[in-house]
Amino acid sequence: MTSEAETRSTPTVDLEDVVSLCARRGFIFQSSEIYGGINGFWDYGPLGVELKNNLKEFWWQRTVRDREDVEGIDSAIIAHPRTWEASGHVQHFADPLVDCRACKRRFRADQLEEAGPCPAREGSSEHDFTEVRRFNLMLSTRIGASEDAASTAYLRAETCGSIFTDFKRVRESSRQKIPFGIAQIGKAFRNEINPRYFTFRSREFEQAELEFFCHPGETERWFEYWLAQRLRFYRELGFDERRVRTRAHGEGELAHYCKRAVDVEFLFPFGWKEIEGIHDRGSYDLTQHSEFSGRDLSVMDETSKERFVPAVVETSVGMDRTALALLVNAYDQERLPDGETRTVLHLHPVVAPVKVAVLPLSKKIGEPARKIAAALRRRWNVFYDESGNIGRRYRRQDEIGTPLCVTYDFQSETDSQVTVRERDSMEQERVSLAGLEAHIRDRLEEGL
Ligand code: ATP
């Protein structure tokens, strides 16, 4: 946990700076921008899609590929509507809502500190709130041509629903035994009352979820295990320890079936906020789906011959929130010895959108530099840039977090060496062309 003193010394980042960098350099910007945008929806541009894909790939590597006891799936966004009745979403997936009669804006009743002053009341800046109502966050759509209620379906509000309904099929086809997990990354949709803080609270977002199925008597052990794994993940990605903490849910906050919940929180410019939840869901999910589907989802322990409904430890993280946290964590404006300021993203190489930039010192030697870029492109996302002075080209790469720049100069023509410049230290070293690929690989994989 982070102490208060450490929190005070955490470098401050202005959200507006990150938002404007994201728009300027094409990481993330409003969806449907030319129509004035649509509230709660965001598009990832050329650099943003690379960043988010890298994050997803790293999560997948650590959660699925590195392990023998986790299987991955990619299920449909729309599931049988009974799925959401069984899970309790149709009835209970709601936030408390209030309207302001004066300014007509809507707020979550449990987040009124975010409401700010009312712009519409005379003689007072206080809102004139209505009674609290429950507002279901599930987005619905219609399937097929008929307009009757039977054709109503939901866009999933979380990705785990199909993990439970696919449990039996996946376990049998992969020949996994309890304990084992099923993981999935995919889109989720929530009709959030008040989308805000850039991508932090959106109406369409991506989740990466793991449901780990175990014996009901073993959930505590697995909870500790997965919590430790997840915190390791954030350390590996280079998160500033002062910006990450855990927060256990109090009894009153827990869903009725949830025995324990711990949030991983990140210190955003707008305060400590959840980026991931780790939950002990007991046997609730498989029991509910057994009941609603009429299918037996229990398993038999072959040694003890005991039959039981597996319990679940869940880790659920938002990829958009984590991508935003990565950007905030990495953002820096550094004063250089020459008095200039450079904007730099200290992104971990594993998530950096561009791994290497190849920069010929002059356009006249563009041809051999392009060949180097083409060779490196077989392995990494490489950016080739020959326009502008070299200092400015370095700055452009610093600003998007490119870990390494390879400069081809006139001397390279004769000594077959290039200069490799490192983003954070700005140190430069000469590297032979023959050893360039191995050198880059080693530098990018350092710390993993
Ligand atoms: P919050 O209370 O902040 O809305 P939550 O507790 O409802 O979050 P969960 O249902 O536990 O969130 O979802 C798991 C993760 O999915 C969250 O930690 C977050 O990273 C992500 N997530 C949830 N809702 C959103 C959203 N509206 N926009 C972006 N990411 C979201």
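**Strand pairing, ligand shell and domains**

Strand β21 is joined to strand β22 (residues 417-422) by four bridges, and the two run antiparallel. In this pairing, valine 406 lies opposite valine 420 of β22. The structure is a predicted model. A second pairing involves strand β19 (residues 356-360), which runs parallel to β21 and is connected to β21 by five bridges. Here alanine 357 faces cysteine 405 in β21. Strand β21 itself spans residues 404-408 and is mostly covered, with four of its five residues buried.

The ligand is surrounded by 16 residues. Phe205, Gly277, Ser316, Gly318 and Arg321 are the closest of these. At least two residues of the shell come from each of β10 (204-214), β13 (271-282), β16 (311-318) and α10 (319-330). The largest share is supplied by β13, which contributes four residues. Sorted by class, the shell around the ligand comprises eight charged, five polar and three nonpolar residues.

The domain assignment divides the chain into domain 1, made up of segments 4-82 and 156-327, and domain 2, covering 354-445. Taken over C-alpha atoms, the centres of domain 1 and domain 2 are separated by 36 Å.

Definitions and conventions
Residues numbered from 1 in each chain as written. Predicted model: local features only at pLDDT ≥ 70, side-chain atom pairs only at ≥ 80, totals over all residues. Near = placed C-beta within 6 Å. Nonpolar A, V, L, I, M, F, W, Y, C, P; charged D, E, K, R; others polar. Buried ≥ 20, exposed ≤ 12 C-beta atoms within 10 Å, placed from the backbone. Pairing = 2+ DSSP bridges. Domains from an automatic or database assignment.
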